[in-house]
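Trainee: I have a new structure open and would like to learn how to read its features. Could you take me through some of them?

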Amino acid sequence: MPLTVLTAASYASELDKRPNVLICMADDAGHMGKKWSPWINTPAFDRIAREGINFLNAYTCNSKSAPSRAAVITGRNSWQLEAACNHWCEFPLKFRSFPEGLKTVGYEVGYTGKGWGPGIALNEDGSQRELTGKAYNKIKLVPPTTGINKIDYSSNFKKFLENRNPDKPFCFWYGAREPHRGYEWNSSERYGKTPDMIQRVPGYWPDNDTVRRDMLDYAVEVEYFDKHLDSILDMLEKDGLIDNTIVIVTSDHGMPFPRCKGNDYLDALHVPLAVMWGKNVKNPGREIDDVISLIDIAPTILDVCGYTSDELGMQPITGRSFADILADKKSEGIERNSILLGRERHDPGRPYDHGYPVRALLENNLLYIRNYEPERWPAGNPSTGYMDCDGSPTKTEILNCRVKGGELLKYWELCMGFRPSEELYDVSADPDCINNLYDKPAYRNIIGKMRKCLDKRLRDEGDPRMFGNGDIFDTYPNKCPAHDYYERVEKGEKGIPTGWINNSDFETGHD
């Protein structure tokens, strides 16, 4: 049962109707809100945080689009989702999403932009599943930069509102494709952004003009997401829907830069999260330090809508509702100070199309990481252009650091080099996760306890890696167009699709 179903039911009784649900998910955005990113302006996100709640310690369990989104819509950690733990996968039919579940009880369900993906999700009869609802993507616009998608998100949401049955509640997924790469180089200059606006460059990248401008181009696309969010909020207000719509704004994972997206460090997994729901959020404007996982979104939605996962035909949910926090009646005995994290197969670029399996535990500001195959390249093999890391000016700068050597070599080692089997970081003192404490005698007992805790929790969740069956994740079909990329590079084939990488990213002789 949901943690606070009685509270949710009382809300529904008070309003005499079920709430609408609006999920607003950016693609690869690790920054929103003035508190975290003063060099990025997100007034719509700030409004939701001001009129609702800002969760300062929210994380995805897997920092790649498809597995992260699969976890969000099912309320289960990615290693509990079989093939859907991977990127470019086949989404198993046995796992129903919460939008699919809400549709069965009368909700109007739709989405614009990017829902779940990339991958394939089919019904038993071979038809396309609507994991996040019916697509509303027909209305286009002329984007302000060449890197921004042509889908007019807010106008498509308006079309959904016009088409829906007003007597029914709705569940809508606004999934921008920004700030996913690529970006128009130096587009930020047109918006008055200058490199000195960035207070700090992460310590795992060289601090130079190219990196800073790349970060600012990323900022332009985060702001574009927020602009459409602002328009969507205005529509809800105009139609008198905003007070009874729970609005959840977040991102699937961190920014698409080296050592971020696709990894298991803080900047890969930490995401913005703000929630607004009219007067149903008590004492609005609060900033919550509790550790929240994106798998907590599904049970929260079911909670406030008054349903259990069983009633909606979903698999049992692992996440925990935070409806009690919205009501400012935090449940006694519920500790929110830790989260499980991990990854399996993301993008191609290794022999036999293998992934880079990781599990991790973040607890009380300590991040313990277990790398199960440390002999594999974490960002993909050099000969394939480190394909498990998005191509970017910053990535090129880091690869140049290997060529230049000396003090600069550390940036390549941190972002592209091999990693030890176990890592430990104090993220309060070292948010960049650079200083590995694993070999420090003072942390020996702590590491032992965290290792034991991680293994127990993963066993409780049925993670195949805890039962000697972790290799199964590499056997699931890969639907990526370049799934045989490594083998084709080894054969010397030309004209291989390289959308993930720059031509200059290839390194031969280093595998």
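Mentor: Gladly! Let's begin with how a helix packs: the buried residues of H10 pack against H6 and helix H11 (409–415). Keep in mind throughout that this is a predicted model.

Trainee: Which residues of H10 are buried?

Mentor: The general idea is that an α-helix has 3.6 residues a turn, so residues three or four places apart point the same way. In H10, the buried residues are Thr394, Lys395, Thr396, Glu397, Ile398, Leu399 and Cys401.

Trainee: How many residues does helix H10 have, and what does it reach from its first C-alpha to its last?

Mentor: Helix H10 covers residues 393–404, which makes 12 residues. From first C-alpha to last it reaches 16 Å, close to the 16 Å expected at 1.5 Å a residue. Just after H10 comes glycine 405, with a positive phi of about 70 degrees.

Trainee: Is asparagine 186 buried or exposed?

Mentor: Asparagine 186 has a relative accessible area of 18%. Buried means under 20%, so asparagine 186 is buried.

Trainee: Which peptide bond is cis in the loop that holds proline 179?

Mentor: There, the bond from glutamate 178 to proline 179 is cis, with omega near 0 degrees. Proline 179 belongs to the loop between strand E7 (170–175) and helix H6 (209–238). Another cis bond joins glycine 117 and proline 118, where omega is about 5 degrees. You can find proline 118 in the loop between strand E4 (108–113) and strand E5 (119–120).

Trainee: Where does asparagine 364 lie?

Mentor: Asparagine 364 is in the loop between strand E13 (358–363) and strand E14 (366–371). The hairpin of these strands has 2 residues between them, and asparagine 364 takes a positive phi near 50 degrees there.

Trainee: Which strand does E14 meet through 5 bridges?

Mentor: That is strand E15 (residues 422–426), which runs antiparallel to E14. Here leucine 367 has tyrosine 425 in E15 as its bridge partner.

Trainee: Why is E14 described as largely enclosed by the rest of the structure?

Mentor: Because 6 of the 6 residues of E14 are buried. Check both directions: Leu366, Tyr368 and Arg370 point one way, Leu367, Ile369 and Asn371 point the other way, and all are buried.

Trainee: Now for single side chains. What does the side chain of glutamate 100 reach?

Mentor: Glutamate 100 is in helix H4 (residues 98–104), and counts as buried at 14% relative accessibility. Its side chain reaches the backbone nitrogen of serine 97 at 2.9 Å. The side chains of glutamate 100 and arginine 129 are joined by a polar contact of 2.8 Å. Leaving aside neighbours within four places in sequence, the contacts of glutamate 100 are Phe95, Arg129, Glu130 and Leu131.

Trainee: Finally, what is the mean pLDDT of the protein chain?

Mentor: The mean pLDDT is 94, and 95% of the residues reach 70 or more. Over residues 1–16, though, the pLDDT is below 50, and this stretch has 26 contacts in the model beyond near neighbours in sequence.

Definitions and conventions
Residues numbered from 1 in each chain as written. Predicted model: local features only at pLDDT ≥ 70, side-chain atom pairs only at ≥ 80, totals over all residues. Heavy atoms only, no water. Helix = DSSP H or I, 4+ residues; strand = E, 2+ residues; numbered from the N terminus. Buried < 20%, exposed > 50% of the residue type's maximum accessible area, 1.4 Å probe, protein only. Polar contact = N/O pair within 3.5 Å; in protein donor to acceptor, adjacent residues only side chain to side chain. Contact = heavy atoms within 4.5 Å. Pairing = 2+ DSSP bridges. pLDDT = per-residue confidence, 0-100. Expected span 1.5 Å × (residues − 1).
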